[in-house]
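Here are my notes on the model you passed along. Have the structure open while you read.

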Amino acid sequence: MFRKSICTSFLFRKSFLRTTPQNFKHNVAIIGASGGIGQPLSLLLKLNPNIGELRLHDLKDIPGVAADLSHIETAVSVSHADGRDYGSTLKGADIIVVPAGMPRKPGMKREDLFNTNAQVVYDVAKGMAEHSPDAILIIITNPINAVVPIACEVLKDAGKLNPRKIFGCSTLDSVRTNTFVAGIIGADPKTVNIPVIGGHSGITIIPLISRSTPPACIEGEQLSKLITRVQDAGTEVVKAKAGKGSATLSMAYAASRLTFSMLRALDGEANIVESAYVLSDVVPEVKYFATPLVLGKCGIEKNLGLGKLSDAEQKMVCEALEPLKKEIAKGEKFVQDQK
Ligand code: LMR
């Protein structure tokens, strides 16, 4: 009797294991998978049953990361490639996530990474134009405000730009705002939701505390301190790491959140909203701006725009325009200069 029930449950388990892989249908490529963000991000994605194959790419150390990940008992398969040829990684990818590039050191602004990281995003966008123009692209590489325009320009020049599918990952700004506000109002961070608009650097990061769910009554000096902390949160981590890089774990979490939301939207789940830095016309003065977006099967289903802003938030939007314009122009000029 006992032996029989073990057998039955074994057979049940076997048939369960045989059928579940049918749900694993999205291929996700990670460019920069062996780096500080790439490794924890790969780990988080390896745990997602909606991913069929994780394609890991980096210039070095990638076979070890792939072997290590491949031992984890989930049905997500792992492949890897290195070198400057992105073809085998990108072909057939549904989502491409790019954490590749150099991180900041203390004293640096995100903009100081432009000279090193612009080329990385340029090369990935070229590869995408050639091998996977229909994929969703999620860029984590800094400076996001300037490199997202690089990707869009490269794809546009190749006649392959679909603005609904190109995302600058500013999710960490929302994650941090939710966490800090939860600390102030004494709530579980998971229950707090605050959109962050603008860009992903200094004063271009605009947390909309007036739109907090649940409402957060934070005013005066406490509000300005909170906003400054959100805007300087990346620098807070860079300083704390004292020369060993910038946020990796929280950034991996944030990028996985955006990727998971995208996967759910690709599968047809409705009302998935995430803020991200995208090509947009919601603020006529700048071509790119982060706003809350409804995600769908084809990427951005609807840009929810700025929504209702307090006077102070409206002022922050105005102050963000000049730095954003400069960074966008820098990205566009980089692509022009390659011609
Ligand atoms: C962050 O916000 O932590 C990242 O953009 C990394 C950085 O350099 O701040």
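The points below go through the strands, helices, pocket and loops in turn.

1. Ground rules. This is a predicted model, where local features need pLDDT of at least 70 and side-chain atom pairs count only at pLDDT 80 or more, while totals for chains, interfaces and linings use all residues. Residues are numbered from 1 along each chain as its sequence is written, and side-chain values use heavy atoms, with hydrogens and water left out.

2. Neighbours of S4. S4 pairs with S1 (residues 26-31) in the parallel sense, over three bridges; two strands count as paired if DSSP finds at least two bridges between them. Ala29 has Ile96 of S4 as its bridge partner. To get from S4 to S5 the chain passes through helix H5 (residues 114-131), in a right-handed β-α-β crossover (with the strands pointing away from the viewer, the path from the first strand over the helix to the second runs clockwise).

3. Helix H5. The expected span is 1.5 Å times one less than the number of residues. The buried residues of H5 include Phe114, Val121, Tyr122, Met128 and His131.

4. The largest pocket has a volume of about 880 Å³. Grid points are joined across faces, edges and corners, and the volume is the space filled by probe spheres set on the points. The lining comprises 43 residues, with Pro99, Ala100, Gly101, Met102 and Pro103 nearest the centre. H5, H7 and H9 (233-241) each supply at least two lining residues, and H5 gives the largest share, five.

5. Phe180. This residue belongs to H7 (residues 171-185), and Phe180 counts as buried because its relative accessible area is 15%. What does Phe180 touch, leaving aside neighbours within four places in sequence? Its contacts (heavy atoms within 4.5 Å) are with Leu226, Arg229, Val230 and Ala233.

6. Helix H10. H10 (residues 249-266) also passes the length check, as its 18 residues should span 26 Å and its end C-alpha atoms are 25 Å apart. Among its buried residues are Met251, Leu258, Met262, Leu263 and Leu266. Gly268 follows H10 with a positive phi, near 95°.

7. S9 (272-279) runs antiparallel to S10, with eight bridges between them, and Val273 has Val294 of S10 as its partner. S10 then runs antiparallel to S11 (residues 299-303) over four bridges, including the one from Leu293 to Asn303. S10 and S11 make a hairpin with two residues between them. Nine of the nine residues of S10 (residues 288-296) are buried, so the strand is largely enclosed by the rest of the structure.

8. Backbone spots to check by eye. There is a cis peptide bond between Asn142 and Pro143, omega about 0°, and Pro143 lies in the loop between S5 and H6 (144-157). Thr213 and Pro214 are joined by a cis bond too, omega about -5°, with Pro214 in the loop between S8 (205-207) and H8 (220-231).

9. Positive phi outside glycine. Asp61 has phi near 60° and is found in the loop between S2 (51-57) and H3 (62-70); Asp61 is exposed, at 51% relative accessible area. Asn271 also has phi near 60°, in the loop between H10 and S9, and counts as exposed at 72% relative accessibility.

Conventions:
Buried means under 20% relative accessible area, exposed over 50%, partly exposed in between (1.4 Å probe, protein chains only). On a 1 Å grid over the protein atoms alone, a cavity is a set of points where a 1.4 Å probe fits but cannot get out, and a pocket is an open set with protein on both sides within 12 Å along at least five of seven lines; lining residues have an atom within 4 Å of a point.
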